[in-house]
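Reader: I have a model open here and want to go through it piece by piece. Can we start with whatever stands out in the loops?
Author: Fine, here it is.

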Amino acid sequence: MEVISSVLRALDYVDRKASGFIQSMQLSYLEYVLAPGGFMFGWAGNMYIIAPTLLISSRDHFYIWAMSAGIGQMLSRIVKQTVQRSRPNYDEAPPRKFVFYGKISHDSSDGFSFPSADTLTGGALAGALIAGGTPVPYALCIPVYVGFGRVYFWYHWVGDTLAGGALGVSCAMLIDKCIGFGNLEAKHAALLGSTFFTFMKITSTKSKRHLKVIETI
């Protein structure tokens, strides 16, 4: 047991060092390039941008993405509440030209840091693209882009995003393996959707998240 604890402490130390390197960067106007990846795969972005885009462009991609993201989000909530890892301290963030400060309380359902649910959703999209024939390196650019933004803007540690991205891709690959790309139908998505919203409702706690955008230019 002591050996496991020592390994976990060592991994946490390396994770925080790697995260600190990214979080200390000053990328100036490149922050405008990072911002969409850092926040587009949240609840609002998924509902109003990602889902409609996939529905219009490819139903097959949409079904795998929606199902894998749904399964992944349910697993993510269980892990968050079990591990209960604290998020980075926003008050220590260096000045940015484009900064999102999100005061996410640990009293909320998704307030803990591990794994990154946004990167998970990006990983699910990457997995759906891979299932549809997109080359793996190109598809994996999505969770890497999302994960980097989540760390840079002080929402997560590197380890959170690696775990979230891997979980999202794995869920999509598992669905593709079990059912197959092109074999999913609306009834599958509807069944999972009802399960997903019921689960999230039952496991939700009062959110104390306050998000504001601050321009410092």
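Reader: Where does Trp-154 sit?
Author: Trp-154 is in the loop between α6 and α7. Keep in mind that this is a predicted model.

Reader: Is Trp-154 buried or exposed?
Author: Its relative accessible area is 9%, under the 20% cut-off, so Trp-154 counts as buried.

Reader: What is phi for Trp-154?
Author: About 65°, a positive value, although Trp-154 is not a glycine.

Reader: What about Gln-84, which also has my attention: what is its phi?
Author: Phi of Gln-84 is near 55°, again positive in a residue other than glycine. Gln-84 lies in the loop between α4 and β1. With a relative accessible area of 44%, Gln-84 is partly exposed.

Reader: Right-handed or left-handed?
Author: The crossing of α6 and α7 is right-handed.

Reader: Which residues make the contact?
Author: From α6, they are Leu-140, Pro-143, Gly-147, Arg-150 and Val-151. From α7, they are Val-158, Thr-161, Gly-165 and Val-169. By type, the contact of α6 with α7 has 5 nonpolar residues, 3 polar and 1 charged.

Reader: And α3 with α4, what is the angle there?
Author: About 140°, with the axes of α3 (residues 43-57) and α4 (residues 59-83) 6 Å apart.

Reader: Which residues of α3 and α4 are involved?
Author: On α3, Asn-46, Ile-50, Ala-51, Leu-54, Leu-55 and Ser-57; on α4, Arg-59, His-61, Phe-62 and Trp-65. The contact of α3 with α4 divides into 6 nonpolar, 3 polar and 1 charged.

Reader: What else does His-61 touch, leaving out residues up to four places away?
Author: Besides Leu-54, His-61 touches Ala-128, Leu-129, Gly-132 and Phe-181. His-61 is in helix α4, and at 15% relative accessibility it is buried.

Reader: Next topic. Where is the cis peptide bond?
Author: The cis bond joins Phe-114 and Pro-115, with omega about -5°. Pro-115 is in the loop between β1 (98-103) and α5 (117-131).

Reader: What is the C-alpha separation of Gly-42 and Ala-117?
Author: 7.9 Å, although Gly-42 and Ala-117 are 75 residues apart along the chain. Gly-42 sits in the loop between α2 (31-39) and α3, and with a relative accessible area of 15% it is buried.

Reader: How many disulfides?
Author: The search of the whole structure finds 0. As for the cysteines, Cys-141 is partly exposed at 48% relative accessibility, and Cys-178 is exposed, with a relative accessible area of 59%.

Reader: To finish, how many helices and strands are there in the protein?
Author: There are 8 helices and 2 strands, and from the N terminus they run α-α-α-α-β-α-α-α-α-β.

Reader: How much of the protein is buried?
Author: Buried residues are 45% of the 217.

Reader: What share of the contacts joins residues at least 24 apart?
Author: 84%, among contacts between residues at least 6 apart in sequence.

Terms used. Residues are numbered from 1 along each chain as its sequence is written. This is a predicted model: local features need pLDDT of at least 70, side-chain atom pairs count only at pLDDT 80 or more; totals for chains, interfaces and linings use all residues. Side-chain values use heavy atoms; hydrogens and water are left out. Axes are lines fitted to C-alpha atoms, for helices over the stretch in contact, and angles run from 0 to 180 degrees between N-to-C directions. Helices (H or I, at least four residues) and strands (E, at least two) are DSSP runs, numbered from the N terminus. Contact means heavy atoms within 4.5 Å. Ala, Val, Leu, Ile, Met, Phe, Trp, Tyr, Cys and Pro count as nonpolar, Asp, Glu, Lys and Arg as charged, and the others, Gly among them, as polar. A disulfide is a pair of cysteine sulfur atoms within 2.5 Å. Buried means under 20% relative accessible area, exposed over 50%, partly exposed in between (1.4 Å probe, protein chains only). A crossing is left-handed if the near helix is turned anticlockwise from the far one by less than a right angle, and right-handed if clockwise.
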